[in-house]
Amino acid sequence: MRSSKSKLLLKYVATIYATTPYINQEIKVDTGLKLFFRHNSSDEQLYSINSVYAMSSDSSTFTYFQRYLLAKDILSVLLQTCHYDVFESFFVTNIGFFITSFDTDNVAMKTILCILMEVLFLRIAIDNFQNNSCNISKAAFPEVPPSEKKMLKTITGLIIQIGKETNVDDASKHFFRLYQCHAYNALISIISNTQTDLTFYNLLFNRETLWSKIVDTDRLYNFAIDFDTIPSLRKSVVNIRRSMADEKRKTNPDFSSVKYMPSQHLFNSTLSEDITKFDFTHSVLRSQSDEQSTKAESGAFCEREVVLEGVEINLHECMASVCGLFQHMADIGLLPLDTEDVAMPPWLKAVRNVLMSDVHKNVKIFLIKVIHNSQDTFKYFAKYLYGPIIQAITDCVFGNSINFFINDMVVMLTSWASITLPTEDVERTSELLSFLMRNCDTDVRSVFKYNLELIKLIIETWKTCISIPHDVIYEKLQLPENSQKLDIGVHLAATVLANNIAPWRTGAFKDFLMALCKVLRNDHRAVYQPCSEVLGMSLNFVSQDHNLSASFERFKEYLHKCIAKLSSNDDKFAYCIQGIALHYAPIADKYLCKLTSKLNHVHGNFKNIYLNIFLSRIDVMHNINELSSLDFQSLLLDENLETQLLTLQIIEKSVNYLRANLLLDILRHVSKFVTHTFTLCRTIMFDIFITTYSTHKLELNSFSQDLTELSKDVLLQGLVDKELVVQEKLLQFWSDRGHFPVEIDKMFLHLLNTMYKPSVEEHYVCYSSYLLLTSIITSEEYSEKLFEHPLYDCDFHEYVLNSNWRRQHASMAPLFASSLHSQDVTMHTMDYNVLRSTVSTLEFQPTLAPARASSSLLFTLTDEATDAPVFKDPNVVLPKRDHHEC
């Protein structure tokens, strides 16, 4: 069609598109039409538009819905794409008929007229009304000057009147809804493209009956809990003109604004990758200029482009137009774009009243989705919208379970916390939290994790304006003892405790902890392991309340009895002790001896569990003399990297507790980690020796001296570690003034006498120079000026410089020192600043060819400059400020 430019083929394609609705969803008809029209002349474009218009008006050949498709998807695209003179010619010819046709009862025809009015006020040049040059207005009302805007007022009144109509025929309910939708879109196009007064925009929202007419109340919206594929973004062009740089448009018809799509992320989480299948929280708006250039000077326009997710509710006929309208209102300054306390405008009051009324739930779904799609605009009205949106969620408007729509709403609401908190809706926010906790369970594990993250988000964000539903948490802990669903209540309790909030009612902590002890009997590790952590968190929380100290001690005794019953199962015993000790370490004190005796008989993960417990109670292990019973050598030689790390951490914490002779034996094995491939192991090892060196360097006994020498040897090797971070850490350690004499000369001798080790001989000059210079920086003389005046403020005197190519590398030829010296004497008799030629015949072949040119900062020697001074004058090279001699 594009190549042939056939108008007959256009009609054929349009007929196929209109009569085969089951495939037209897959056809990108707008792209094809734009490419087809771009290469047509004005006459050809006008003929094609008239042909398609005639088809959309032909009730004998096409059904109502087919005519509707022709007008909505083909005729409107042609009118937006054609040259402006063609657009104007079409409306000049037909505008009178269009206006009179609004008085008929033909709903199909008036629907098509509404579609045409959308395009008319998108492209018509509004300035032409002021200068009486609007030909379309003249054709509509020849006797009235365009400046009186009679056409605008007449069409606006006709469209408003359509919104007041009611449907009496249930059989045509669907078509009547489409009729009302396009009348509303036409009104949006008229007002947004011609008005800048907020009063007119209020007219678009102050009719409560409007929404029930344009929203399909018979449709059942089902929002999925999970998606197999991520919904694609859907682009819609709405008939709202976007303000743009007219001068750029005139000079460059292909000029377009930058395309961008901001995206937002929920939060950083450790969920599995499957969670991305249902994370669809970014529905955003962006503006983009039309790609098709136009011919007429006054015909340049730029449509607004709205990008939405391709979910069912966003496919509504008015969704894109309403979202584009709010973006347009923000662009022209009718909406606040700051965080100051704003009053509720009339249009928002009308929307809020609808949401708080008993209107059909589909209307609420539509309006709340509009808010979500335009959330960056609505966030400044957050305090007025918290209540209606939360109420809709708790009333199950969007479903009885947590689905993607509810997820989107929760994320949006919590994101508004930067503007304001729902302090006036505490009861509703608590109901929302209760709703989420009651319905967070699902058979899909990844979805449950995501729901849990939503609950965490609400508690963290609204901590000051919610109350915890304690009954819900306790109820979920009362399931049968061996139920795997008990982990739901456990995770909910952990979420609340992590935010330093009690998950039990006042005075009911004992019952709550007893319920947790009961859950601890569960045989599923996914239940009892997190339960043990919650017990530890609970113990830590209660231990901070001195009023409960007596009850707390009694409960600990009860808990020890429960743990004792688990000792027959070594694996479960280890996991439970670790979980509790992770948050309340003193609980493990009673079991340290038992765990130490078992350490050599366990392997892998369980050995690491024991070591983690030991690491948290080093001081207690020292008090009960259990540190010396650990076989550090075998632990350091273990093949498990985590075991080696934990052992090193235990040694680091134990340096001040171990006897010098035992520590020396252990550190000899630790020193072998200086070549370990894992950086963290080497880092911990160096920390151990830093502590050891600092502790024992002043001790006089032999073991302490051996420890100091061993530590020094290892720490010096750290100066040449392959990891830069480790090098910097050790350089910083050695740079400490406490390790060296204060005087520079004494420090120099100290570096020579004590900081040299054969193992790092090749790097000695490097690090010793660095340490020496570092110490100089800290000296008092360092900040003193080297010269009285800066060089650029000085006058320079000529300096006598003897140059001889034979002395260029004198240090490399010591055998000829005497001859070089004789040449120096000879040079004293020469003229200064003159380069003499050397003899052409030499007794010896020179080992280095004479340089053709030599240069430095202030002088240059060349073979050519033999008659003139060859030295640069610093007074010329360096800019002068003041004249001082130096």
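Helices (H or I, at least four residues) and strands (E, at least two) are DSSP runs, numbered from the N terminus. By that count the chain holds 41 helices and six strands.

This is a predicted model: local features need pLDDT of at least 70, side-chain atom pairs count only at pLDDT 80 or more, and totals for chains, interfaces and linings use all residues. Residues are numbered from 1 along each chain as its sequence is written, and side-chain values use heavy atoms, with hydrogens and water left out.

**Whole chain**

Color by accessibility. Buried means under 20% relative accessible area, exposed over 50%, and partly exposed in between (1.4 Å probe, protein chains only). Of the 886 residues in the chain, 48% are buried. Now turn to contacts, meaning heavy atoms within 4.5 Å. Among contacts with a separation of 6 or more, 72% join residues 24 or more positions apart.

**Stop 1: V13**

Select V13, in helix α1 (residues 7-19). V13 is partly exposed, at 33% relative accessibility.

**Stop 2: salt bridges**

A salt bridge here is a side-chain nitrogen of Lys or Arg within 4 Å of a carboxyl oxygen of Asp or Glu. The count by this rule is 21.

Start with R438 and E475. Their closest N and O atoms are 3.8 Å apart. R438 is partly exposed, with a relative accessible area of 44%.

Next, select K456 and E453. In this salt bridge the closest N and O atoms are 3.5 Å apart. Both residues belong to helix α22 (residues 445-461), three residues apart, and about one helical turn separates them. An α-helix has 3.6 residues a turn, so residues three or four places apart point the same way. K456 is partly exposed at 27% relative accessibility, while E453 is buried at 13%.

Move to E709 and K757, a salt bridge with its closest N and O atoms 3.3 Å apart. E709 is in helix α36, and K757 is in the loop between α38 (744-754) and α39 (764-777), so the pair ties together parts 48 residues apart in sequence. E709 is partly exposed at 39% relative accessibility. K757 is buried, with a relative accessible area of 17%. Then pick D441, D443 and K485: salt bridges that share partners join them into one network.

**Stop 3: α35 against α36**

Show helix α35 (residues 679-696) and helix α36 (residues 702-718). Their axes come within 9 Å and cross at roughly 140°. Axes are lines fitted to C-alpha atoms, for helices over the stretch in contact, and angles run from 0 to 180 degrees between N-to-C directions. α35 is therefore oblique to α36. Angles under 35 degrees count as roughly parallel, over 145 as roughly antiparallel, 65 to 115 as roughly perpendicular and the rest as oblique.

Select the contact residues. From α35, they include M685, F686, F689 and Y693. From α36, they include L707, L710, V714 and L715.

**Stop 4: α34**

Finish on helix α34 (residues 660-670). Which of its residues are buried? They are A660, L663, L664, I666, L667, H669 and V670. Now show what covers them: the cover includes α32 (632-636), α33 (641-654), α35 and α36.
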